[in-house]
Amino acid sequence: MNHRQLTAIGTALAISSISTLALAQTTAPSPTPNATTSASDNNAANSGTTAGGLRIADRATVAVRFVTVKPVDIMSSKLVGINVYNNQNETLGEIKDLVIDNGKTITGLIVGVGGFIGMGESYVVLDPSTVVLSKKDNTWKAFVDTSKDNLKSAPKFDYSKK
């Protein structure tokens with residue numbers, strides 16, 4: 001399994017813990033019909049043990065468990081690639097990736113800002129709790145309360161996508 005596949009799997013698993021993102025005007029998917037255990041059931045089962053997230057190793061050491069996707073859960077495929085706007089509806093950038101802390105929790109959204117057609121683009125990492133998602137006419141958007149100038153002076157993140 002390559003790094004990109006591991007990242008995709010990790011993102012999908014961790015996205016269920018993205019409770020800090022606010023949602024607006026969303027249509028929820030139905031839960032997975034064949035899943036047998038909810039995420040809260042898994043948390044209860046792990047309460048007496050060290051709660052784990054994704055691990056990097058050569059083989060699996062924990063028995064597989066299944067979770068139920070809740071209607072409020074968001075898939076990473078819905079986030080990565082969407083545009084980020086400010087409250088004046090100006091395009092600020094695009095969500096490029098997600099930062100997953102300890103394989104469990106999304107702690108940052110990597111956003112490409114500035115530049116033109118990919119040239120001169122830089123990256124910043126936004127706290128998910130400062131981002132609001134909206135779905136209108138089957139199109140997702142992310143909104144943040146900031147300006148283009150604020151993002152120009154924000155701490156830059158060295159992002160190589162590998």
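**Salt bridges, strand pairing and core of the predicted model**

A salt bridge joins the side chains of Asp 149 and Lys 152, with an N to O distance of 4.0 Å. Because Asp 149 and Lys 152 lie three residues apart in helix H4 (residues 148–152), about one helical turn separates them. Asp 149 is exposed, with a relative accessible area of 56%, and Lys 152 is likewise exposed, at 63% relative accessibility. The model in which this pair occurs is predicted.

Four salt bridges are found in a search of the whole structure. Glu 94, Lys 96 and Glu 121 are linked in a network of such bridges.

The average pLDDT is 75, and 67% of the residues score at least 70. Over residues 1–50 the pLDDT is below 50; this stretch has 70 contacts in the model beyond near neighbours in sequence.

Strand E2 runs antiparallel to E3, and three bridges join the two. In this pairing, Val 84 stands opposite Gly 93 in E3. The two strands form a hairpin with five residues between them, and Asn 89 in the turn has a positive phi of about 65 degrees. E3 and E4 also run antiparallel, joined by eight bridges. Here Glu 94, a member of the salt-bridge network, stands opposite Gly 112 in E4. The hairpin of E3 and E4 has three residues between the strands, and its Asn 102 takes a positive phi near 55 degrees.

The largest nonpolar core has 20 residues, and Ile 95 and Leu 133 are those with the most contacts inside it. Two or more residues of this core come from each of strands E3 (91–101), E4 (105–113), E5 (122–126) and E7 (139–143). E4 provides the largest share, four residues. Excluding residues up to four places away in sequence, Ile 95 touches a set of residues that includes Leu 79, Val 80, Ile 82, Val 84, Leu 109, Val 111 and Ala 142.

Two polar residues are also buried. Asn 86 is situated in the loop between E2 and E3 and counts as buried because its relative accessibility is 0%. The side chain of Asn 86 makes a polar contact of 2.7 Å with the side chain of Glu 90. Leaving aside residues up to four places away in sequence, Asn 86 touches Leu 92, Phe 143, Val 144, Thr 146 and Ser 147. Asp 97 is placed in strand E3; with a relative accessibility of 16%, below the 20% limit, Asp 97 counts as buried. A polar contact of 2.6 Å is made between the side chains of Asp 97 and Tyr 159.

Terms used
Residues numbered from 1 in each chain as written. Predicted model: local features only at pLDDT ≥ 70, side-chain atom pairs only at ≥ 80, totals over all residues. Heavy atoms only, no water. pLDDT = per-residue confidence, 0-100. Contact = heavy atoms within 4.5 Å. Core = buried A, V, L, I, M, F, W, Y, C linked by side-chain atoms within 4.5 Å. Buried < 20%, exposed > 50% of the residue type's maximum accessible area, 1.4 Å probe, protein only. Polar contact = N/O pair within 3.5 Å; in protein donor to acceptor, adjacent residues only side chain to side chain. Pairing = 2+ DSSP bridges.
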